[in-house]
Structures are given as C-alpha cells and as structure tokens.
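Subject: Structure for you to look at

Hello,

Here is the structure I promised to pass on. Please open it and keep it beside you while you read.

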Amino acid sequence: AIAAQISFTITSISKMMKLALASVLAGSAAAFAPAPMAKSSFAMNAFTAADLPGALAPMGFFDPLGFAEKADEKTLKRYREAEVTHGRVAMLAVLGFLVGEAVEGSSFLFDAQISGPAITHFTQVPGGWDALIVTFIGAAEAQRAQIGWVDPADASYDQPGLLRDDYYPGDIGFDPLGLRPEDPEELNLMIT
C-alpha cells in the first residue's frame with residue numbers, strides 16, 4: 001500500500017512537472033509573438049494614437065491621463081515599446097510564480113531545497129546563479145537594443161532612446177511557432 005502511494009505520488013509529480021514545462025513553453029512563445037513590422041500597415045509616419053491596435057469597446061483607446069495627446073510619434077513609439085515589454089515581463093513573472101508554487105520542494109533543481117512562497121524563491125537560489133541570471137537578462141536586453149534602437153553615437157544628444165524608423169515596438173523577430181499572420185488586418189486583430 002505504501003509502495004503504491006509512493007508510485008502514485010511520483011506519477012503525480014511527474015505529470016505536474018510536464019504540465020508546468022508545457023505551460024512555460026506555451027506561455028513564453030505567446031508572450032514574445034512579434035508585433036507587426038513597419039513595412040506592414042504601420043509606417044513611422046502613421047504611428048498615431050488613433051492607429052494603434054488594442055483599442056476595444058466600450059473603452060476604445062484607453063489613455064485616461066492623456067499621455068498620447070501630448071506625445072509626438074517618436075515618443076508614442078517609445079511608450080508602446082515600454083508597454084509591450086513590461087507586459088511581457090509581467091506575464092512571465094506571473095507564470096514563474098505559478099510554476100514555482102506548483103513545483104515547490106519537488107524540483108530536481110538545487111536538490112529541492114527551495115521552499116516557501118514563490119516571492120522568496122529567488123533569494124534562496126545558491127550564490128553564483130544570480131550572476132548567471134543577470135547575465136542572461138543583460139544579453140537579452142542588449143539584443144533587443146540592437147534590433148530596435150538607434151546607436152547612441154548616431155542619435156542627437158537630446159533624443160535619448162530613439163527607436164529605429166523601421167522598427168515596430170515589440171517586434172524583436174521572435175516567432176518560433178510561426179503564429180504571426182501575414183495579413184496586416186489579421187495581425188492587428190491578433191495584437192488586440
């Protein structure tokens with residue numbers, strides 16, 4: 001009876017780990033599905049608040065503090081870049097919390113010594129791993145900057161963080177599952 005219970009527990013943990021891994025992979029692919037390129041229906045000169053995808057009834061374009069009214073096209077592009085990037089980070093963080101809580105004490109990582117609420121898990125990671133995590137984040141950010149931003153040496157000193165004219169905010173070219181539609185209207189619907 002005890003052996004059967006242990007076998008059932010191991011099977012349950014194995015299924016939970018597979019489900020968590022599938023959730024992570026599916027969630028991360030959806031979180032980084034690219035936005036449209038500037039060559040589609042959105043050119044730099046057409047980047048206005050009225051043309052941004054994401055406005056839904058009954059609210060329409062939601063900007064209660066009027067940031068978009070005060071922004072020129074380049075500033076609006078930076079706002080959208082920040083919005084998309086922070087939204088993706090938030091989605092991955094939520095997924096990380098859920099997976100961290102689900103596999104607590106049963107993970108093969110770090111001899112299953114990490115326990116407690118997910119908010120405390122990062123501080124329990126053994127020394128040295130945090131440097132590796134920071135290195136990976138830095139590499140991802142550097143890659144994103146290479147794709148979307150004008151080289152600071154080529155930009156005016158009074159225009160920090162200038163995005164490339166042919167860059168659509170959030171489109172870093174990551175689409176491993178081929179989810180991005182070719183039709184601009186379908187793409188706008190997907191982004192919304």
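Below is what I found in it, from the whole chain down to single residues.

First, a caution: this is a predicted model.

The whole chain. There are six helices and zero strands. Read from the N terminus, the order is α-α-α-α-α-α. The chain has 192 residues, and 24% of them count as buried. Its accessible surface is about 12800 Å², with 65% of that belonging to carbon and sulfur atoms. Now take the contacts between residues at least 6 apart in sequence: 66% of them join residues at least 24 apart.

The core. Six residues make up the largest nonpolar core: F47, L52, A68, A71, L76 and Y168. Look at L52 in particular. Beyond four places in sequence, L52 touches F47, F61, L76, R80 and Y168. In soluble globular proteins, nonpolar side chains tend to be buried together.

The surface. Some nonpolar residues sit outside. L65, F67 and Y79 form a nonpolar surface patch, and together they have about 330 Å² of accessible area. Find L65 in the loop between α1 (2-31) and α2 (67-70). L65 counts as exposed because its relative accessibility is 59%, and the cut-off for exposed is over 50%.

One histidine. H121 is in helix α4, residues 121-124. Is H121 buried or exposed? H121 counts as buried, because its relative accessibility is 12% and buried means under 20%. A polar atom of the H121 side chain lies 2.9 Å from the backbone oxygen of G116. Neighbours within four places aside, H121 contacts G100, I114, S115 and G116.

Best wishes

Key. Residues are numbered from 1 along each chain as its sequence is written. This is a predicted model: local features need pLDDT of at least 70, side-chain atom pairs count only at pLDDT 80 or more; totals for chains, interfaces and linings use all residues. Side-chain values use heavy atoms; hydrogens and water are left out. Patches are made of residues with over 30% relative accessible area and no salt bridge: like charges are joined within 9 Å, nonpolar side chains (Val, Leu, Ile, Met, Phe, Trp, Tyr) within 5 Å. Accessible areas come from the Shrake-Rupley method with a 1.4 Å probe; for residues, only the protein chains shown count as cover. A salt bridge is a side-chain nitrogen of Lys or Arg within 4 Å of a carboxyl oxygen of Asp or Glu. Helices (H or I, at least four residues) and strands (E, at least two) are DSSP runs, numbered from the N terminus. Buried means under 20% relative accessible area, exposed over 50%, partly exposed in between (1.4 Å probe, protein chains only). A polar contact is a pair of N or O atoms within 3.5 Å; within protein, one must be able to donate a hydrogen and the other to accept it, and residues adjacent in sequence count only if both atoms are side-chain atoms. Contact means heavy atoms within 4.5 Å. A nonpolar core is a set of buried Ala, Val, Leu, Ile, Met, Phe, Trp, Tyr and Cys residues joined through side-chain atoms within 4.5 Å.
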